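Okay, thanks for making time for this one. Let me put it up on the screen, and then I'll walk you through it.

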Amino acid sequence: MDKRGFLQACAATTLGAVASHLAHAQAPVSAAAAAAAVVGPRHTLSGTNSEGKPVALADFSGKVCLVSFFTAGCALCTNELRLMREFYAANRQRDFVLLGVNMDEKNADFMQYIELLKVSVPAEQRFPIAWRNAGGHQDSFGAITRRPTHYVLNRQHQQVLRREGNFQPADWDDLWASLA
């Protein structure tokens, strides 16, 4: 049994014991069912990209979304976004979208980042990016205090994960499984 299977079995056993103790007639709850039942708020986002065109989370209705908040000068963000671009390119045909939200204070920094992407990132790895400080930008994600901060949203755009800093190996596994 692999590590992930072992942990799921342990969680299922623990949940089963608690459930039977609280309600003898109830069947044990699996770890996967317990995890699926925990969803956060339904998020919204509307703003503009570097060309002034609208970018809205609603445009990706029915798709699993990874929303990543970052700044151009953040080395950790740069590495995370490289990995996410690769995942996006491999999975965008599976009802998946990666949406970046740049949090640079100055528009010039945001635009310089966009120009750098145009010459350094293959077209198939480019994803929509909104500038959070643009006039008219609105989202329901609240204060972002650490960069990068990532949100995985299910097909109804309900939050199923918030990760500050590096995406963890299990996060990638869960994201992959959510596309099935």
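So, what pattern does the protein chain follow, read along the sequence? It goes α-α-β-β-β-α-β-α-β-β-β-β-α. That comes to 5 helices and 8 strands, where helices (H or I, at least four residues) and strands (E, at least two) are DSSP runs, numbered from the N terminus.

Housekeeping, quickly. This is a predicted model, where local features need pLDDT of at least 70 and side-chain atom pairs count only at pLDDT 80 or more, while totals for chains, interfaces and linings use all residues. Residues are numbered from 1 along each chain as its sequence is written, and side-chain values use heavy atoms, with hydrogens and water left out.

How confident is the predictor? pLDDT is its confidence in each residue, from 0 to 100, and the protein chain averages 83, with 79% of the residues scoring at least 70. Confidence is lowest in helix α1, residues 3-22, at a mean of 38, and highest in strand β6, residues 138-139, at 98. Over residues 1-35 the pLDDT is below 50, and beyond near neighbours in sequence this stretch has 18 contacts in the model; a contact here means heavy atoms within 4.5 Å. Where pLDDT is low, the predicted coordinates should not be read in detail.

On to the overall numbers. Of the contacts with a separation of 6 or more, 68% are between residues 24 or more positions apart. Buried residues make up 38% of the 180 residues; buried means under 20% relative accessible area, exposed over 50%, and partly exposed in between, with a 1.4 Å probe and protein chains only.

Now to strand β4, residues 96-102. How many of its residues are buried? That would be 7 of 7. Phe-96, Leu-98, Gly-100 and Asn-102 point one way, and Val-97, Leu-99 and Val-101 point the other way, and all are buried.

And the neighbours of β4? Strand β3, residues 64-70, runs parallel to β4, joined by 7 bridges; strands count as paired if DSSP finds at least two bridges between them. In that pairing, Val-67 stands opposite Leu-99. To get from β3 to β4, the chain passes through helix α3, residues 75-91, in a right-handed β-α-β crossover. Right-handed means that, with the strands pointing away from the viewer, the path from the first strand over the helix to the second runs clockwise.

Then there's strand β5, residues 129-131, which is parallel to β4 with 3 bridges. There, Gly-100 stands opposite Ile-129. The chain crosses from β4 to β5 through helix α4, residues 107-120, and this β-α-β crossover is right-handed too.

Back to helix α3 for a moment. Its 17 residues reach 25 Å from first C-alpha to last, close to the 24 Å expected at 1.5 Å a residue; the expected span is 1.5 Å times one less than the number of residues. Which residues of α3 are buried? They are Cys-77, Glu-80, Leu-81, Met-84, Arg-85, Phe-87, Tyr-88 and Asn-91. An α-helix has 3.6 residues a turn, so residues three or four places apart point the same way. What covers the buried residues of α3 includes β3, β4, α4, β7 (149-153) and α5 (169-178).

There's also an open sheet of 3 strands, antiparallel, in the order β2-β1-β6. Its edge strands are β2, residues 54-56, and β6, each pairing on one side only. Strand β1, residues 45-48, meets β2 over 3 bridges, and Gly-47 has Val-55 in β2 as its bridge partner.

Most residues other than glycine have a negative phi, and most peptide bonds are trans. Asp-95, in the loop between α3 and β4, has a positive phi of about 60° and is partly exposed at 38% relative accessible area. His-157 also has a positive phi, about 65°, and sits in the loop between β7 and β8 (159-164). Is His-157 buried or exposed? Its relative accessibility is 4%, so His-157 counts as buried. Ala-58 lies 99 residues from His-157 in sequence but 8.7 Å away in space, C-alpha to C-alpha. Ala-58 is in the loop between β2 and β3 and is exposed, at 61%.

Pro-148 is in the loop between β6 and β7.

Conventions:
pLDDT is the predictor's confidence in each residue, from 0 to 100.
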